[in-house]
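Have the structure open as you read.

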Amino acid sequence: MDNRTPILEVKHLCKHFYQGKSVMKAVDDVSFHVYKGETFGLVGESGCGKTTTGRTIIRLYGATSGEVWFNGNRIDGKLNKEETKAVTSKMQMIFQDPVASLNPRMTVEEIISEGAKINKIFATEEELKANVHKMLELVGLTAEHATRYPHEFSGGQRQRICIARALITKPDLVIADEPISALDVSIQAQVLNLMNKLRKELGLTILFIAHDLSVVKYFSERIAVMNRGRIVEMASSDLLYDNPVHPYTKSLLSAIPIPNPLLEKKRERFDYDPSIHQYDEQNQPKMIEIEPGHLVSMSDREYAAYLGAKK
Amino acid sequence: MERILEVKDLHIHFNAFAGAVKAIRGVSFHLNKGETLAIVGESGSGKSVTTKAVTRILPDNAVIDNGEITYKGMDLLAMTEKEFNNIRGNEIGLIFQDPLSALDPVMKIGKQITETLILKQKMPKKEAEARALELMKAVGIPNAEQRFHEYPFQFSGGMRQRIVIAIALASNPQLLICDEPTTALDVTIQSQILELIKKIQKERNLSVIFITHDLGVVANMADRVDVMYAGKIVEEGTVEDIFYDPKHPYTWSLLASMPNLDTKGGDELMVIPGTPPNMLYPPKGDAFAPRNHYAMKIDFDREPPMFKVSDTHYAATWLLHPDAPKVEMPAHLKHRIELQLKEAEKYNG
């Protein structure tokens, strides 16, 4: 089907947190890949493991098991200095809260240049400075802002600084973890437009993590829906919205309020009850491709029922 | 229709270190019995301050300069604190955004509900406990008897918000003020809480003021809508007026700036340039003018009054003045609204 090269491949990734005797399976056997130049959306409600997935990929957490492949190299587990450098400079992250993720005691210039300095991307100070200014202009700020501190900026501007910081190392992959949910409504559209522009101009690959489905649909080409640490459905954004198959996806879609009063006041909601699957030892869920590019987590019995209903 | 609450020409400023922050600059609205009024606006537009003034829980550095708040014919601002204690809670209930900080972390859930009943309604303890259990069941908490003896941290976010709603309902208020009650919750939980509030409203014929910035939630809940910007109401109307026939440029950009499920990837979103004004120095003229694509010379000079569009629909923009040039809403918003109307028609058959 798709013969583009994946830039990121995640295979059977697990991340378990241990609390005394109990195990919290935050990410449980997650597999997906992201092609070069595309935007891949990861959605789900809070606690479903979407952020943990992002953080495990970028090595903020060590994976419990499974593999992460980036640019053809395996990057989970122990890496030597050179391999680490290849990962840290080519993969960058934008966090949800632009207030908490900027050091209040560093100037904007120091913040943006830090990653480039550590990775020794530019040969001279002048080149570094010129690139910081270039980045600031790219994200809609000016060179004058370089000497200021984060508290002098509004939330939207701070998120722009975070984006500039992520882009200065010329990353191949940007992981954006809820980049707009901490911003005001009128500012969200500004940041979305900026990310859209950068994606087109720089050909960025983005792993977009969010809970707002309308934003994810607008922004992503393919989407994976997560629930309780697992991916339950994965498809291109149009397929997913036109033909949701997994009951959790249906319930999530029906829960988004639509700004259309005549429709919204009459819409039906579906509640998701995980016990309807009745999974047992013979009937374990696995990812089944029900149509080209549309994967759903279901057991063999459910798949048979789905095919039966289709006829 | 009977008016339960009326706010007239309210002005509030905060004494801050840097000077007077003019948070509310002439807000007037009313609420009819049994209806839901949504107040929409971004953070800092003054929507929470307005409702805090109604319940008189403004911080100490807030000063009400001018205005009138009438509840069932009583002047709320003229009352003594002691008199008002009979109104707050008993007549007007409140639900806040963050259910974790609204609950006492070291007090059992059951006690937090009975406390209200014992203090406000002078109910004997046994009776209050039975009533609290009833309330917990009414807001949909399973195993109420067992959960009665648990602490807030043992509850999930949605369940905590249900407890807060139960406390607000404990003394049978007539007016319920919900200040972003679902912003901290997930969409699936949000839809459950919204359903619950609607159900309770119907059962008890409550009047509701619903504060939010999510237009989808407004579409779901509201009968009428007030759009606030920089301490003023810029547009007021029924929910249909606001969503299908908006008149104020700020409302236009609010409606057009967020992607919906029909927005194609790669379409440019309509943005509101710049940031909201600093209310230490509210701008002369229309506060939205510097961010407005359609601003005229007069917008920077004089504040627009409320122009009447229809009996239910008012908007504060000079564009509605008879001498103003005819300006239509942006084409893609018009297109979006047409699509929405068609979709609604299809769905409702």
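T114(B) counts as buried, because its relative accessibility is 7% (buried means under 20% relative accessible area, exposed over 50%, partly exposed in between, with a 1.4 Å probe and protein chains only). Keep in mind that this is a predicted model, where local features need pLDDT of at least 70, side-chain atom pairs count only at pLDDT 80 or more, and totals for chains, interfaces and linings use all residues. Residues are numbered from 1 along each chain as its sequence is written, chains are lettered from A and ligands numbered from 1 in the order in which they are written, and side-chain values use heavy atoms, with hydrogens and water left out.

**Around T114(B)**

You'll find T114(B) in helix α4 (residues 109-121) of chain B; helices (H or I, at least four residues) and strands (E, at least two) are DSSP runs, numbered from the N terminus. Its side chain reaches the backbone oxygen of K111(B) at 3.1 Å. Setting aside neighbours within four places in sequence, T114(B) is in contact (heavy atoms within 4.5 Å) with A128(B), E129(B), A132(B) and F148(B).

**Salt bridges**

Side chains of opposite charge can pair when their charged atoms come close. Over all chains, the structure holds 24 salt bridges (a side-chain nitrogen of Lys or Arg within 4 Å of a carboxyl oxygen of Asp or Glu). Three of them are listed here.

| Pair | Closest N to O |
|---|---|
| R222(A) and E38(A) | 2.9 Å |
| E236(B) and R224(B) | 3.9 Å |

What does the R222(A) and E38(A) pair tie together? R222(A) lies in strand β9 (residues 222-227) of chain A and E38(A) in the loop between β2 (22-35) and β3 (39-43), so the pair links parts that are 184 residues apart in sequence. R222(A) and E38(A) are both buried.

In chain B, E236(B) sits in strand β10 (residues 232-238) and R224(B) in strand β9 (residues 224-229), so their bridge ties together parts twelve residues apart in sequence. Both of these residues are buried too. Salt bridges that share partners also join E67(A), R74(A) and D76(A) into one network.

K137(B) and E145(B) are another story: K137(B) is partly exposed, with a relative accessible area of 49%, and E145(B) is partly exposed at 46%.

**Where the chains meet**

The contact takes 39 residues from chain A and 48 residues from chain B. About 3,700 Å² is buried between the two chains, with carbon and sulfur atoms giving 59% of that; buried area is the accessible area (1.4 Å probe) that two parts lose on being put together, summed over both. V185(A), Y218(A) and P259(A) supply 17% of the area that chain A buries against chain B, more than any other three residues.

How many salt bridges are there between chain A and chain B? The count is zero. The rule does find eleven residue pairs in polar contact across the interface, both at pLDDT 80 or more. A polar contact is a pair of N or O atoms within 3.5 Å; within protein, one must be able to donate a hydrogen and the other to accept it, and residues adjacent in sequence count only if both atoms are side-chain atoms.
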